[in-house]
Amino acid sequence: MELKELYRDVILDHNRRPRNFGRIEPCETCAEGHNPLCGDRLTVYVRMKDDRIEDIRFEGKGCAISTASASLMTEAVKGQDKATVNALYGRIHSLLTQQDAVPDASLGKLAALSGVREFPARVKCASLCWHTLNAALERGEATVSTE
Ligand code: ZN
């Protein structure tokens with residue numbers, strides 16, 4: 001499938017039916033993200049079990065790209081440990097910002113995000129959820145280190 005078609009189909013699908021939309025209560029590990037350029041706001045809720053993301057949800061209001069990206073992210077990171085999530089975060093960052101970064105097959109549907117590169121103003125829409133997840137996980141780590 002052409003990357004452009006993949007981009008369109010995946011973004012439309014995940015914006016129309018966002019996966020893991022909602023909240024986790026009580027919220028032990030969560031963070032809020034805001035992208036003032038576009039007005040996207042979202043909250044990412046994470047439930048950790050040991051070093052693994054046992055459950056993740058998000059809610060908020062944003063454009064199609066921010067919603068679809070958050071939905072894709074929750075599917076990709078659920079069940080993963082922190083190191084894997086950090087590595088994925090780095091790969092998504094390259095994919096969104098480096099024009100010549102080639103998405104490899106292991107990224108699955110996340111590869112569709114490379115389509116956002118054609119719209120530089122929207123890169124922050126797509127990366128917002130990843131920054132927010134990162135903040136949530138770091139805050140979780142900070143809690144652990146004070147014990
Ligand atoms: Zn946006």
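Buried means under 20% relative accessible area, exposed means over 50%, and partly exposed lies in between, with a 1.4 Å probe and protein chains only. The model is predicted: local features need pLDDT of at least 70, side-chain atom pairs count only at pLDDT 80 or more, and totals for chains, interfaces and linings use all residues. Residues are numbered from 1 along each chain as its sequence is written, and side-chain values use heavy atoms, with hydrogens and water left out.

Start with confidence. pLDDT is the predictor's confidence in each residue, from 0 to 100. The chain averages 89, and 94% of the residues score at least 70. Helices (H or I, at least four residues) and strands (E, at least two) are DSSP runs, numbered from the N terminus. Over residues 141–147 pLDDT stays under 50. For that stretch the model has one contact beyond four places in sequence, where contact means heavy atoms within 4.5 Å.

Now the zinc site. Donors are N, O and S atoms within 2.8 Å of the metal (3.2 Å for Na, K and Ca); water is not among the atoms, so sites may look incomplete. The protein donors of the zinc ion are Cys38 (SG), Asp40 (OD), Asp40 (OD), Cys63 (SG) and Cys125 (SG), at 2.2 to 2.6 Å from it. Along the chain they follow the spacing C-x1-D-x22-C-x61-C. Cys38 sits in the loop between strand 1 and strand 2, and Cys63 in the loop between strand 3 and helix 2, so this pair ties together parts that are 25 residues apart in sequence. Is Cys63 buried or exposed? Cys63 counts as buried because its relative accessibility is 13%. Cys38 is partly exposed, with a relative accessible area of 34%.

Asn35 belongs to strand 1 (residues 29–35). At 3% relative accessibility, Asn35 is buried.

Next comes the core. In soluble globular proteins, nonpolar side chains tend to be buried together. A nonpolar core is a set of buried Ala, Val, Leu, Ile, Met, Phe, Trp, Tyr and Cys residues joined through side-chain atoms within 4.5 Å. The largest one here has 38 residues, and Val77, Leu113, Trp130 and Leu133 touch the most other members. Helix 1 (3–16), strand 2 (40–49), strand 3 (52–61), helix 2 (64–77), helix 3 (82–97) and helix 4 (123–145) each supply at least two of its residues. Helix 4 gives the largest share, nine residues. Leu133 touches Val44, Val46, Ile53, Ile56, Met73, Val77 and Val85, leaving aside residues up to four places away in sequence.

Finally, the aromatic rings. Rings of Phe, Tyr and Trp (its six-membered ring) pair if their centres lie within 6.5 Å; planes under 30 degrees apart count as stacked, over 60 as edge-to-face and the rest as tilted. The count comes to two aromatic pairs. Tyr7 and Phe119 are stacked, because their ring centres are 6.1 Å apart and their planes at 25°. Tyr7 lies in helix 1 and Phe119 in the loop between helix 3 and helix 4, so the pair ties together parts 112 residues apart in sequence. Tyr7 is buried at 13% relative accessibility, while Phe119 is partly exposed at 39%. Phe21 and Phe58 have centres 5.1 Å apart and planes at 85°, so they are edge-to-face.
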